[in-house]
Amino acid sequence: MINVLFFAQVREQLQLSHLLVPATDAIQTANDLRLLLSQKGDKWAKALESERLLVAVNQTISQWDSAIEDGDEVAFFPPVTGG
């Protein structure tokens, strides 16, 4: 299983803080996971637009092409801005 975490606005939009996703051959990268979850509906597609999102794999900020595997933790969150 892949432990998927949602933070900040992503969590608010989805009304969900985490989700377990079965690891499959179709999920090789963080982007594969994002695309799979985006297919769950319009709310998911909007919340998981890659242009508005950062990803961390196993608590390390990562690129969309970062490999993921069974047992990994993947977190989606918006960029942090300061002022």
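The charged end of K40 sits over the ring of W44, 5.0 Å from the ring centre. R34 is placed likewise over W64, with 5.5 Å between its charged end and the centre of that ring. Such a placement requires NZ of Lys or CZ of Arg within 6 Å of the ring centre and within 35 degrees of the ring normal. The model is predicted: local features need pLDDT of at least 70, side-chain atom pairs count only at pLDDT 80 or more, and totals for chains, interfaces and linings use all residues. Residues are numbered from 1 along each chain as its sequence is written, and side-chain values use heavy atoms, leaving out hydrogens and water.

W44 and W64 also belong to a cluster, which ring pairs build together with F6 and F76. F6 and F76 form a stacked pair, at 6.2 Å centre to centre and 20° between the planes. F6 lies in strand β1 (residues 2-6) and F76 in strand β5 (residues 73-77), so this pair ties together parts that are 70 residues apart in sequence. Strands (E, at least two residues) and helices (H or I, at least four) are DSSP runs, numbered from the N terminus. F6 is buried, at a relative accessible area of 0%. F76 is buried at 0% relative accessibility. Here buried means under 20% relative accessible area, exposed over 50%, and partly exposed in between (1.4 Å probe, protein chains only).

F76 also pairs with W64. The ring centres of W64 and F76 are 6.0 Å apart and the planes lie at 20°, so the pair is stacked. The two residues are 12 apart and link distant parts of the chain: W64 is in the loop between β4 (60-62) and β5, F76 in strand β5.

By the rule of a Lys or Arg side-chain nitrogen within 4 Å of a carboxyl oxygen of Asp or Glu, the count comes to 1 salt bridge. R52 and E49 form it, with the closest N and O atoms 3.4 Å apart. R52 is partly exposed at 36%, and E49 is partly exposed at 30%.

Most residues other than glycine have a negative phi. Phi of A8 is positive, near 55°. A8 is found in helix α1 (residues 8-14) and is partly exposed, at 45%. Q15 also has a positive phi near 55°. Q15 lies in the loop between α1 and β2 (18-21) and is exposed, at 68%.

Key:
Rings of Phe, Tyr and Trp (its six-membered ring) pair if their centres lie within 6.5 Å; planes under 30 degrees apart count as stacked, over 60 as edge-to-face and the rest as tilted.
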